[in-house]
Amino acid sequence: YPLSQKQDVGGKLSPVINRVFKGVNTYDPMMIDETYFTDMRNLSTDAFPAVSTRQGYTVLGTFGTTILGISFWKNELHVISNDGTWRRFKGGVWDTISAGVPTIRKWSFTVFQGSFDDINLIAANGGTTLRYDGTTVSILTGAPDGLNYLTTYSNRIWGAVGKELHSCQLDNAEVWNVFTATDDDPFIKDTESMRGEDIIMLSGSLNKLTIGMRNSLWELYGDLTSNFTVKLIVDDVGILNNESFCTQRGMMRIIDEQGIYDYSGGTLPDKEFSEIVGGYLKNIPGGTCAGADVDRLFFKKDIDATLVYDSRTGVNAWSVWNGIDPSVFGTLDNQVYIGDYQGRVLKLGGSTDNGNDIHWYAVTKPFTNDSVAQRMRWYKMFVVADLAEGSTFKVDLSKSVDGNDWETMQSITSGGLGSRRIIIPVSKYALENYIRIRFSGTGHMKMHEYTRIQRQLPLE
């Protein structure tokens, strides 16, 4: 028999290998780099450059239907819920330390010692100001009526009543309205904005006191009553509420109606770092909140999307989570706790959502040839991923730029923990201008790579 002559197929390209996953990107999907996804849920960049299922959580307790505040006293976790209770979590056990707590608004907290015998946890909600001394909860004597948005700065507790900024006497949390013409005196300042807005946020986490209104940011300079000065920083960027900011490594991030901003104090806020996820940041509702640990920033946009920013040098990537509806965040010793709109107190960590598998997905950009008018044929596709026992992994393909015409190419259930080479049959995609991939599944997964081999058909 004559020897067969192997002939290369014209237009066949070298394998395209994707091993770096930089999170989500909402710019024009035709123009973004292949290392980004155009949409995702419940994946993270914790294992960068791989992409993996996000952390799960454990439910520590459920109280009422909404957690209104979360804070810490030494190593104790404290929450106030809309069932009117203040509870502490100590030694793995919940205790109710106060009942009949007002529930009309969320609570703000700060810690302060001053003239007290020990550190106290101070809480306010615009109607009542309370203090916890390590044993019992009582009314904070001397606090102004309507005080809210507590923080600690320059050895004083600060709060707001409408447009008024208040501080207690130096090192004395129970004196707010006694003036002796000394630098120990309390401080009161009516802060008039161009829109007549109330103060809705205070933070002493930077080297100055930050004052937030819905459409403006202010700072307080000085360290004594005689030289305290309030200055307007910006009048077209503000903050949505007192839970809509977090601080990490000396940088504050704030959620405004227009996006998420970096703010380091004394300079104009900058939202460049969040513009890549601007598609998620339209029509931000007022019930947002934010939190942080040493490497991640959490921004709850709505019930379907909590944006997570991995701030590690060289990563700087965004992910999107759902399945958690935060009302407040808290962090102690780099452990993140979440109070949610189901009345649950969640401890972030683990591979399941309190025993339930996590559902995840990610969508790639539309792949094309150099000319979009030039059709392509896909020959082969491979995925390399680590799958936990019982996890599922599915691959769908679409022939459109943004439609819902998904067709399942492969679906597997892992029989055991380990790395898998998954072959995706794609040969039917033979005359396409666009091809998108959707990866989805349940349970723990870490994807290291996906590879495609395609042929570039003649442009005619």
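The structure is a predicted model, in which local features need pLDDT of at least 70 and side-chain atom pairs count only at pLDDT 80 or more, while totals for chains, interfaces and linings use all residues. Residues are numbered from 1 along each chain as its sequence is written, and side-chain values use heavy atoms, with hydrogens and water left out.

**Aromatic pairs**

- A pair of aromatic rings is described by the distance of the centres and the angle of the planes.
- Searching the whole structure gives 22 aromatic pairs, where rings of Phe, Tyr and Trp (its six-membered ring) pair if their centres lie within 6.5 Å, and planes under 30 degrees apart count as stacked, over 60 as edge-to-face and the rest as tilted.
- The rings of phenylalanine 273 and tryptophan 318 form a tilted pair, because their centres are 5.5 Å apart and their planes stand at 40°.
- This pair links distant parts of the chain, 45 residues apart, with phenylalanine 273 in the loop between strand S24 (259-263) and strand S25 (289-292) and tryptophan 318 in strand S28 (residues 317-321); strands (E, at least two residues) are DSSP runs, numbered from the N terminus.
- Phenylalanine 273 counts as buried at 13% relative accessibility, and tryptophan 318 counts as buried at 1%, where buried means under 20% relative accessible area (1.4 Å probe, protein chains only).
- Phenylalanine 298 and phenylalanine 329 have ring centres 5.6 Å apart and planes at 25°, so the pair is stacked.
- Phenylalanine 298 lies in strand S26 (residues 296-302) and phenylalanine 329 in strand S29 (residues 326-332), 31 residues apart, and both residues are buried.
- Phe21, Phe37, Trp360, Phe393, Phe439 and Tyr450 are linked by ring pairs into a cluster.

**Charges over rings**

- The charged end of arginine 54 sits over the ring of tryptophan 321, 5.6 Å from its centre, a label that requires NZ of Lys or CZ of Arg within 6 Å of the ring centre and within 35 degrees of the ring normal.
- Lysine 399 has its charged end over the ring of tyrosine 429, 5.3 Å from the ring centre.

**An open sheet**

- Four strands form an open sheet in the order S14-S15-S16-S17 with antiparallel pairing, and two strands pair if DSSP finds at least two bridges between them.
- Strand S14 (148-153) and strand S17 (187-190) stand at the edges, each with a single partner strand, so one side of each has no neighbour in the sheet.
- S14 is joined by four bridges to strand S15 (residues 156-161), and the two run antiparallel.
- Tyrosine 153 has arginine 156 in S15 as its bridge partner.

Methods:
Buried means under 20% relative accessible area, exposed over 50%, partly exposed in between (1.4 Å probe, protein chains only).
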